[in-house]
Protein chains: 2
Amino acid sequence: MDGKNNPSLKLLKDIKIVLVGTTHPGNIGASARAMKNMGIYNLALVKPKDFPNDQAIYRSKAAKDIVQNAKVYKSVKEAVEDCELVLGTSARDRTIPWPTLKPKEAAQEVSENLGIEKIAIVFGREDRGLTNEELGLCNLHINIPSDPEYSSLNLSQAVQIIAYEIRMALLEDENRADDWDVERATNQQTELLIEHMDELMKEVDFYDVNNPRKLLVRVRRFFKRSRIDVMETNIFRGLFSTIQKKLK
Amino acid sequence: MDGKNNPSLKLLKDIKIVLVGTTHPGNIGASARAMKNMGIYNLALVKPKDFPNDQAIYRSKAAKDIVQNAKVYKSVKEAVEDCELVLGTSARDRTIPWPTLKPKEAAQEVSENLGIEKIAIVFGREDRGLTNEELGLCNLHINIPSDPEYSSLNLSQAVQIIAYEIRMALLEDENRADDWDVERATNQQTELLIEHMDELMKEVDFYDVNNPRKLLVRVRRFFKRSRIDVMETNIFRGLFSTIQKKLK
C-alpha cells in the first residue's frame with residue numbers, strides 16, 4: 001500500500017524542487033520535509049534571503065540532508081538549465097493565458113515523463129510568487145485551487161500538495177488489494193444470520209408477525225450494506241444462540 | 001475555476017477539524033491557515049498542550065479568526081459527539097484492520113455527505129497520532145501515503161492535504177446527492193448502542209469479562225463501519241431491551 005515495490009517511485013528522488021527568493025528559512029526546512037515525506041530529494045534555491053540558517057535545519061526535522069545538499073543558484077534560468085520539463089506554480093491570472101493545470105493534472109504530466117525527461121517544479125516568493133519573466137521559463141503552469149476568501153498558501157504547504165499529488169499519480173498505476181483481515185461472509189451466511197435474528201425477534205415478541213412493516217427489510221439492508229465478515233456473523237449468531245438458551 | 005459559483009463549497013465551513021493533544025502551538029496556527037485556504041472554518045482542539053498561545057496566532061496569518069474561535073474539549077469523544085461521520089487519520093497498521101481510505105477516497109466520502117451529515121476529521125498528536133481507543137470512535141480511517149523512508153508528515157501538512165482533497169472533491173463533483181431515507185446515527189447514539197450490546201452480552205455470559213480478547217473491538221468496528229442509521233440503532237436497542245425484560 002505504501003508502494004514499496006513500485007520501482008518508478010525511486011525516480012521521484014531526482015525531481016528538482018526550485019524555491020525562488022524564499023524570505024523565511026523556516027519555509028525552506030518545512031519544504032524539505034514535505035519533499036522527503038513524498039520521496040523527493042533534489043532541492044534548488046534561487047537567491048534565498050537567509051541561507052544557510054539554523055531555522056531551515058530545525059524545521060526540516062529528519063530532512064536535514066536535503067537542506068544540506070541544496071544547491072544555490074543566481075537565477076531561475078540557471079537553476080532549470082538542465083531540465084526538459086519545467087512547471088511553475090502561479091497564483092494569479094496572467095494577462096496572457098498560459099496552459100494552466102491543476103495539481104493533479106500537473107502530477108499526471110510529471111508521472112508520464114518521469115525517467116524520460118529531467119523535471120523541475122518552481123515555487124515563487126512567499127509574498128509575490130514568480131515574475132512573469134520567470135513563469136515564461138516554464139513549460140506549464142500549475143494553479144492550486146484555494147478559497148478566494150484567503151487564497152495564499154504557505155510555501156511549504158504548496159510544495160506538500162504538489163509533491164503529494166506526484167506521489168499519488170505514481171501510486172495510482174498500481175493495483176491496490178483489499179486487505180481485510182477476515183473473509184467477507186458469503187451471501188448464504190448473511191441470509192442465515194438474518195433468519196436467526198428474525199427467529200430471536202419472534203421468540204421475544206419484538207414485532208407483530210401479522211404486521212412486520214418494514215422491520216425485516218431494514219434489518220436486511222443493514223447487514224447487507226455492512227459487508228459483514230465471517231467473524232462478525234459468528235459473534236452475532238453466537239450471541240443470539242446464547243440468549244435463546246438463557247430464555248429456555 | 002476557483003469554484004466561486006459552486007454553492008456546495010460554502011458547506012465546507014462547517015466541517016470540524018479536530019486536533020488532538022497538539023504539542024506545538026505553531027502547528028495549530030499553521031493548520032488553521034491550511035483550513036482557511038481551502039474554505040474550512042470549524043476548528044476543535046482536544047487537550048492542546050499550550051493554548052491559547054501567540055505562536056498559534058502568528059502562524060495562522062490571516063486565519064486568526066479560526067484560531068480565536070477554536071473550541072477546546074477534554075476528549076475526542078466529547079469533540080465528535082454531535083457528528084454523524086467521523087474520519088480519523090492513521091499512520092500505523094492496526095492489528096485489526098479498519099476500513100482505511102486514501103485522502104482522495106475519504107474526500108469523496110466527505111463530499112457525498114456534506115450538508116446531510118455533520119462531519120469531523122480527527123488528527124492525532126505530532127509524535128504518536130491517535131490512540132486505538134480514539135480511532136475506535138471513527139467511522140473510517142484515512143492514511144496519507146508517504147515515503148516509508150520518512151513517513152511522518154508535519155501536522156499542518158496533513159491537514160493541508162486532507163483539506164485540499166476535500167475542496168477538490170467538491171469542485172470535481174457538482175452533482176452529489178445522497179438518498180438515504182433515515183438520518184445516520186450520531187457518534188453518541190452509536191456509542192450507546194455498543195454499550196447496550198455489551199451490557200446484554202455480559203448479562204448472558206457471552207464472554208469472559210476477564211478475557212474479552214478482541215470481541216469488543218470487533219463489535220465496535222462493525223457498527224462504526226456500517227454507518228448505522230437512527231432507525232437501525234432503534235431496532236437493535238429495542239430488541240436488546242425486549243430481551244433484557246424477558247430474561248428477568
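In this predicted model, helix 1 of chain A covers residues 25-37. At 1.5 Å a residue, its 13 residues should span 18 Å. The end C-alpha atoms lie 19 Å apart, which agrees with that expectation. Helix 1 of chain A is mostly covered, with 13 of its 13 residues buried. Just after this helix, A:Gly39 adopts a positive phi of about 90°.

In chain B, strand 1 spans residues 16-20. Five of its five residues are buried, so the strand is largely enclosed by the rest of the structure. A residue counts as buried here when 20 or more other C-beta atoms lie within 10 Å of its own. The side chains of strand 1 of chain B divide between two directions. B:Lys16, B:Val18 and B:Val20 point one way. B:Ile17 and B:Leu19 point the other way. Both sets are buried.

Strand 1 of chain B pairs with strand 2 of chain B, residues 42-46. The pairing is parallel and runs over five bridges. Within it, B:Ile17 stands opposite B:Leu43. The chain passes from strand 1 of chain B through helix 1 of chain B, residues 25-37, to strand 2 of chain B. This β-α-β crossover is right-handed.

Strand 1 of chain B also pairs with strand 6 of chain B, residues 119-123. This pairing is parallel too, over four bridges. Here B:Lys16 stands opposite B:Ala120 of strand 6 of chain B.

Definitions and conventions:
Residues numbered from 1 in each chain as written. Chains lettered and ligands numbered in written order. Predicted model: local features only at pLDDT ≥ 70, side-chain atom pairs only at ≥ 80, totals over all residues. Expected span 1.5 Å × (residues − 1). Buried ≥ 20, exposed ≤ 12 C-beta atoms within 10 Å, placed from the backbone. Pairing = 2+ DSSP bridges. Right-handed = clockwise from strand over helix to strand, strands pointing away.
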